[in-house]
Amino acid sequence: MDATRPVDGIVEETRLEALRSYRVLDQPRASVLDDLTRLAATMFGTPMAAVSLVDRNRQWFAGSVGLADEQTPLDVSFCAHVVSGRAPLVVPDATRDKRFAGFRTVVGSPNIRYYAGAPIVDEQGHTLGAMCVIDDKPRDTDDRQVADLITFAGQAAGHLTALRNRLWMADLGDELARTVQREDEMVANITHELRTPVTTIQGYLELLGDHEELQPYRRLIEPIHRNGRRLVAMVDHILAGTRSPEAPLPPPVGTVDLATVVAAAVTTCRPLITSRPGTVTVEADQVLPVRADLARLAHAVEQVLRNALLFTPADRPITVRMTGVPYPVVEIIDAGVGIPDDELPHVFDRFYRGRYARGQAVPGVGLGLTIAHSVVAAHRGTLIVTSSPDGTTARITLPGAD
């Protein structure tokens with residue numbers, strides 16, 4: 001964008017005015033945007049991801065994972081190029097691109113090599129910033145990944161709109177909006193005081209792990225890294241599962257393909273899947289558009305799939321099946337130990353753990369299905385679990401996209 005041209009200058013001032021109306025600059029990061037970046041990083045297999053909002057002289061990370069800074073100047077911003085071009089940007093190797101090779105973030109920490117970003121465009125057509133994934137190693141990107149990144153950017157725009165609407169409602173004195181806002185602030189504070197320091201430690205541990213001279217100490221570094229990830233995941237899990245009934249989950253924010261939701265859930269569960277000889281088969285017969293909060297709905301499917309993985313003997317198969325008649329449905333069918341009839345009515349209760357989970361010391365605190373049930377309900381859908389001694393079927397039914 002060339003601010004020296006009068007028309008462009010007017011357009012840029014209008015864009016900046018729109019950006020500031022969202023009231024997220026210089027504020028604690030919203031948990032929904034952090035969740036979105038974590039999911040994007042997981043799906044793309046990158047150590048870093050961000051919802052980057054491009055201000056006049058800086059980019060502000062309204063959501064991020066793997067990045068230590070809250071903001072950076074525009075002279076090292078890849079995302080500013082996405083905003084000016086209003087189109088996705090893929091940089092396979094920044095050291096080979098004359099636009100970016102001299103950036104201090106390329107020459108030095110975090111040693112950016114790969115960048116892929118898609119524009120975040122609000123309902124009024126203003127390009128607020130970019131949804132991006134970043135790696136310190138060169139890599140390629142296929143068309144499907146670009147499409148997924150565009151979906152993530154649309155979700156980020158929807159979340160920003162929802163955040164702004166809640167603030168407006170709170171300004172008008174809506175008690176429910178104030179309750180939701182208080183909970184968002186609580187989560188943001190917990191994130192700042194606990195998750196952010198642990199995530200920073202994780203980043204430094206990754207850097208230490210890359211140094212060959214520290215190879216003898218890698219057996220000490222890896223357990224710290226692994227337990228840090230577990231701590232962050234447990235905090236997120238407990239926060240999600242103990243949400244106040246007076247602060248319902250935000251509604252869906254955009255349209256996504258159900259296959260993308262399931263792919264995100266499967267990717268997150270990949271370590272469990274690869275550790276067992278039994279197959280996990282994903283079946284889909286068509287594109288199934290649903291109106292959804294991608295990160296939250298993927299988390300719900302992940303919780304159900306994780307349950308199936310934990311309660312199914314490792315040599316037995318699990319099937320994830322998607323159908324669209326008469327409504328979009330995800331079924332997770334396992335050949336596991338089953339749920340006794342007297343326990344089935346309690347599977348959605350907070351902190352409930354059945355006899356098998358307690359007796360076999362299955363990991364978890366009894367919140368997975370509680371979270372999944374709440375998230376699906378927020379999407380105006382249903383989650384039904386049926387079981388027999390031959391296995392369990394969890395059926396998630398969702399309304400189609402309008």
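The following questions and answers cover aromatic ring pairs and charges over rings in a predicted model.

User: How many aromatic pairs are there, with ring centres required to lie within 6.5 Å?

Analyst: Rings of Phe, Tyr and Trp pair if their centres lie within 6.5 Å. By this rule, the number of aromatic pairs is four.

User: Are the rings of F78 and F100 stacked or edge-to-face?

Analyst: Planes under 30 degrees apart count as stacked, and those over 60 as edge-to-face. The ring centres of F78 and F100 are 4.3 Å apart and the planes meet at 20°, so the pair is stacked.

User: How many residues apart are F78 and F100?

Analyst: F78 is in the loop between β3 (71–73) and α3 (79–85). F100 is in the loop between β4 (89–91) and α4 (104–107). The pair thus links distant parts of the chain, and the separation is 22 residues.

User: Where does Y115, the stacking partner of F78, lie?

Analyst: The rings of F78 and Y115 have centres 5.0 Å apart and planes at 25°, so they are stacked. F78 is in the loop between β3 and α3, and its partner is 37 residues away in sequence, so the pair ties those parts together. Y115 lies in strand β5 (residues 114–121).

User: Is Y115 buried or exposed?

Analyst: Buried means under 20% relative accessible area. The relative accessible area of Y115 is 1%, so Y115 is buried.

User: Which residue has its charged end over the ring of Y114?

Analyst: For Arg, the test requires CZ within 6 Å of the ring centre and within 35 degrees of the ring normal. At 5.2 Å from the centre of the Y114 ring sits the charged end of R139.

Definitions and conventions:
Residues numbered from 1 in each chain as written. Predicted model: local features only at pLDDT ≥ 70, side-chain atom pairs only at ≥ 80, totals over all residues. Heavy atoms only, no water. Phe/Tyr/Trp six-rings, centres within 6.5 Å; stacked < 30°, edge-to-face > 60°. Helix = DSSP H or I, 4+ residues; strand = E, 2+ residues; numbered from the N terminus. Buried < 20%, exposed > 50% of the residue type's maximum accessible area, 1.4 Å probe, protein only.
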